[in-house]
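Here is a short tour for a first look. Keep the structure open while reading.

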Amino acid sequence: MAVMDSQNPLLGETTCGTLLQKLQEIWDEVGESDEERDKMLLQIEQECLDVYKRKVEQAAKSRAELLVTLSDAKLELSTLVSALGDKSFLGVTVKASGTIKEQLAAIAPALEQLWKQKEERVKEFSDVQSQIQKICGEITGSANEQAGAPAVDESDLSLKKLNEYQVKLQELQKEKSDRLHKVLEFVGTVHDLCAVLGMDFFSTITEVHPSLDDKTCVQSKSISNDTLLRLAETVSALHEDKKQRLHKLQELATKLTDLWNLMDTPEEERRLFDHVTCNISASVDEVAVPGALALDLIEQAEVEVERLDQLKSSRMKELAFKRQVELEEIFAHAHIEIDPEAAREKIMALIDSGNVEPAELLADMDNQIAKAKEEALSRKEILDRVEKWMSACEEESWLDDYNRDDNRYNASRGAHLNLKRAEKARILVNKIPGMVDTLVAKTRAWEEDRGISFKYDGIPLLAMLDEYAMLRQEREEEKRRLRDQKKFGEQQNTEQEPIFSSRSTPARPASTKKVVGPRTNGTPGRRLSLSASQNGSRSAAKEGKRDSMRLAAPTNFVAISKEDA
């Protein structure tokens, strides 16, 4: 205290020295003792120490606070740099020179810049995470349940982490695009299927999800797992419905075609159902015409099938008899003997009994017709040879009559035509033995191949050929006898009437036999008769027919009866 600065009191400045001097003066005037004065000075000194202590404590406290602030600033700087992953501000943190306030002043701009960068980075993270959260919500179907922006982890705001989120966002965006494309593909498939099936597309697609309507923006359509699953189930159900309807329609089309063919329905009526029969052999994927599998179309086909079924029952006899006539014509043309009356009675009995389905009966008759055609085809070669043989026999019969005509060389009208015919007939007659031999060989080969006898209008052909050979032999013997008789008669006339220059022509014997003539006026018919044992199975109607055919034969034709045979 004694060393306190003592300035000139004249200057008017109050210092510790002036105050102490003033105090001394007061004590001198009062007469304070030294003890009191020392006590008082000690007290003043103590009070001064307390004030200094307080000031020092405050200064120390302020310094500590500055140090804490500097430490926090350094820590925050380090945290921000670590969080942002930015190494450009690490040089500030290691600076140790200068006062505390200088260090704080050096760190403050970096902190401010890092804070600003952090805010921008947090915003970027928030935007990316919000988009990720939105797309994830759209995929899971919980987009409407999400509230608020997602929390950003500020401990890691590095560009690497941000890039990871951006990569994830791009993957989700691609998945969203793929899902949206798949949804649109499903919607298009549902639209096409509804069009083919004749169903309401709007109600069908909105049952899956209301956002799938055409009026909704493409980006707003639901792409959730549930929507995709329900779309897939809807498409599968529609495909199955399409498959079942097509199968049913093809069955109806097949029935319609069978009924039309069965009843010979005209083409005009068939064209009315071209939209049904056009898909009779189509696959499920090939049917794409709108309304091709609509329910009303299937019902229309069902009604038509039912109507034709009823009509078929009423026309059953007509259709069956029509096929029977066709079968009889095939047998008649193939010269196969059948009993048409018995067959018709059997058909009537089957139809009236109702024990057989009309379609089965007609199918059986169609099968019989097919077999009859096959049988006729197998007999065609032999029948053609039989026709040629019969034609040759007719020419042979005509040639015999022509040779017996004494006036054949007269210059009558048409004589030259008969002469030419006779020349051709002689050539043809000479071929008859070869024809017969070939016919016999062909017939035997046919019988050996099938194990049955080849019959011509109910008569075994080989028996006819054997009978023809026998009759031909008898005719040759008859010719020889006639020649001998004629020669003998000429010799007698020569001996008994030598004076006559001419002699009469012997009359033709009435008992001359001719080879069987198989035709009458060009109409095929049987002219051969076998023994009674061979013909015992013929019907009376058939015998009457043959008798009438024999009566219709020309006068130059001789038919051999059963007894003669």
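## Helix α2

In α2, the buried residues are Arg 37, Leu 70, Ala 73, Leu 77, Leu 80, Val 81, Ala 83 and Leu 84. The model is predicted. Helix α2 covers residues 34–84, 51 residues in total. From first C-alpha to last it reaches 73 Å, close to the 75 Å expected at 1.5 Å a residue. Gly 85 follows α2, and its phi is positive, near 70°.

## Arg 37

Arg 37 lies in helix α2. Its relative accessible area is 13%, so Arg 37 counts as buried. Which residues does Arg 37 touch, not counting those up to four places away in sequence? They are Gln 24, Trp 27, Asp 28 and Glu 32. Leu 23 is 14 residues from Arg 37 in sequence, and their C-alpha atoms are 9.6 Å apart.

## Aromatic pairs

The structure holds five aromatic pairs. One of them joins Trp 260 and Phe 273: the ring centres are 6.3 Å apart and the planes are at 50°, so this pair is tilted. The pair links distant parts of the chain, with Trp 260 in helix α7 and Phe 273 in the loop between α8 and α9. Both Trp 260 and Phe 273 are buried.

Trp 398 and Tyr 402 have ring centres 5.1 Å apart and planes at 15°, so their pair is stacked. Both lie in helix α13, four residues apart, about one turn of the helix. Trp 398 and Tyr 402 are buried as well.

## Charges over rings

The ring of Trp 398 also has the charged end of Arg 421 over it, 4.1 Å from the ring centre. The charged end of Arg 379 sits over the ring of Phe 454, 4.0 Å from its centre.

Key: Residues are numbered from 1 along each chain as its sequence is written. This is a predicted model: local features need pLDDT of at least 70, side-chain atom pairs count only at pLDDT 80 or more; totals for chains, interfaces and linings use all residues. Side-chain values use heavy atoms; hydrogens and water are left out. Helices (H or I, at least four residues) and strands (E, at least two) are DSSP runs, numbered from the N terminus. The expected span of a helix is 1.5 Å times one less than its number of residues. Buried means under 20% relative accessible area, exposed over 50%, partly exposed in between (1.4 Å probe, protein chains only). Contact means heavy atoms within 4.5 Å. Rings of Phe, Tyr and Trp (its six-membered ring) pair if their centres lie within 6.5 Å; planes under 30 degrees apart count as stacked, over 60 as edge-to-face and the rest as tilted. A charge sits over a ring if NZ of Lys or CZ of Arg is within 6 Å of the ring centre and within 35 degrees of the ring normal.
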